[in-house]
Amino acid sequence: MSRESEKQLAATKAAILVHEGMRVGLGTGSTVAYFIGALAQRRVKVVLVATSPASEQAAKALGLEVEPFDESGRLDLAIDGADQITSDGWLVKGAGGALTREKIVAASADRFVVIADSTKLVESLHAPVPLELLAFGLSSTLVRLAPCALRGVPASPDAGVIADYLGEVHDPSALASRLASTPGVVEHGLFGPDLVSEVYVGVGESVRRIVVRGEHE
Ligand code: 5RP
């Protein structure tokens with residue numbers, strides 16, 4: 001099976017989790033694009049909150065309802081892809097530069113389900129770890145984060161500068177604390193197991209489900 005088929009299998013399985021009336025967070029990326037297609041085919045009436053203009057446009061193009069995120073609101077479910085996934089539920093996210101909105105949406109959902117193809121499974125996390133930085137004082141922030149490089153892509157929808165931490169990731173929890181406490185860092189792409197409910201990974205012709213947190217069916 002190809003990577004694309006594995007993404008599609010995982011995304012289709014995740015679409016079954018969506019029920020009428022739910023408020024659903026929508027991630028960003030090619031696996032989420034399959035999810036949007038599968039969700040549109042289910043014809044359930046839901047409200048989506050998108051983490052990027054690309055996901056918003058793709059969902060609206062298929063007739064799905066997308067609303068701005070009400071920050072006081074909870075989401076029933078959020079579905080998103082990932083760049084790296086460990087068996088104990090640590091993720092690296094943000095290759096698409098949407099990490100800050102993705103983390104806010106994941107943290108706001110009762111259930112956060114990650115969908116991916118089998119190439120995303122790793123024994124341990126490694127660089128690059130995506131970062132969103134404030135433009136103010138950027139040079140000095142980069143010095144504090146070394147080794148780190150600007151990615152040279154357009155700013156995030158919130159005007160953040162996208163960069164990548166390029167050092168070792170021996171201890172994800174310690175690195176997450178270091179990055180989060182560095183002045184000028186808006187957000188980093190390390191997502192801890194406390195955020196993740198389940199992971200659906202397409203592996204060949206089946207979907208492997210990894211339960212990280214909670215007892216969802
Ligand atoms: C975007 C992300 C994506 O979810 C991640 O990069 C996976 O993308 P894809 O499904 O295309 O492999 O974090 O910021």
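1. Strand 13 (residues 198-203) and strand 14 pair in the antiparallel sense, over six bridges. Helices and strands here are DSSP runs numbered from the N terminus: helices are H or I with at least four residues, strands are E with at least two. Two strands count as paired if DSSP finds at least two bridges between them. The model is predicted: local features need pLDDT of at least 70, side-chain atom pairs count only at pLDDT 80 or more, and totals for chains, interfaces and linings use all residues. Residues are numbered from 1 along each chain as its sequence is written, and side-chain values use heavy atoms, with hydrogens and water left out.

2. Look at valine 199, in strand 13. Its bridge partner in strand 14 is isoleucine 210. Is valine 199 buried or exposed? Valine 199 counts as buried, at 1% relative accessibility. The cut-offs are under 20% relative accessible area for buried, over 50% for exposed and partly exposed in between, with a 1.4 Å probe and protein chains only. Leaving aside neighbours within four places in sequence, valine 199 is in contact (heavy atoms within 4.5 Å) with Ile85, Val114, Arg208, Arg209, Ile210 and Val212.

3. Valine 199 and isoleucine 85 are 114 residues apart in sequence, yet 8.5 Å apart in space, C-alpha to C-alpha. Isoleucine 85 has leucine 91, in strand 6, as its bridge partner. Strand 5 and strand 6 (residues 91-92) pair in the antiparallel sense over two bridges. They sit in an open sheet of three strands, in the order 5-6-12, with antiparallel pairing. Strand 5 (84-85) and strand 12 (190-191) are the edge strands, and each pairs on one side only.

4. The largest nonpolar core has 27 residues. A nonpolar core is a set of buried Ala, Val, Leu, Ile, Met, Phe, Trp, Tyr and Cys residues joined through side-chain atoms within 4.5 Å. Val18, Phe35, Leu39, Leu48 and Ile115 have the most contacts inside this core. Helix 1 (3-15), strand 1 (23-26), helix 2 (30-42), strand 2 (47-50), strand 4 (77-80) and strand 7 (112-117) each supply at least two of its residues. Helix 2 gives the most, with six. A second, separate core of 19 residues includes Val129, Leu145, Tyr165 and Leu190. In soluble globular proteins, nonpolar side chains tend to be buried together.

5. Not counting residues up to four places away in sequence, valine 18 touches Val24, Phe35, Leu39, Arg42, Val44, Val46 and Leu77.

6. Threonine 141 is in helix 5 (residues 138-145). Threonine 141 is buried, with a relative accessible area of 1%. Its contacts, leaving aside neighbours within four places in sequence, are Leu133, Pro183, Gly184 and Val185.

7. Backbone points to check. Most residues other than glycine have a negative phi, and most peptide bonds are trans. The bond from alanine 127 to proline 128 is cis, with omega near 0 degrees. Proline 128 lies in the loop between strand 7 and strand 8 (129-133). The bond from alanine 146 to proline 147 is also cis, with omega near 0 degrees. Proline 147 lies in the loop between helix 5 and strand 9 (148-150).

8. Arginine 43 is not a glycine, but has a positive phi of about 55 degrees. Arginine 43 lies in the loop between helix 2 and strand 2. It counts as exposed, at 75% relative accessibility. Alanine 159 has a positive phi of about 70 degrees and is not a glycine either. Alanine 159 is found in the loop between strand 9 and strand 10 (161-165), and is exposed, with a relative accessible area of 53%.
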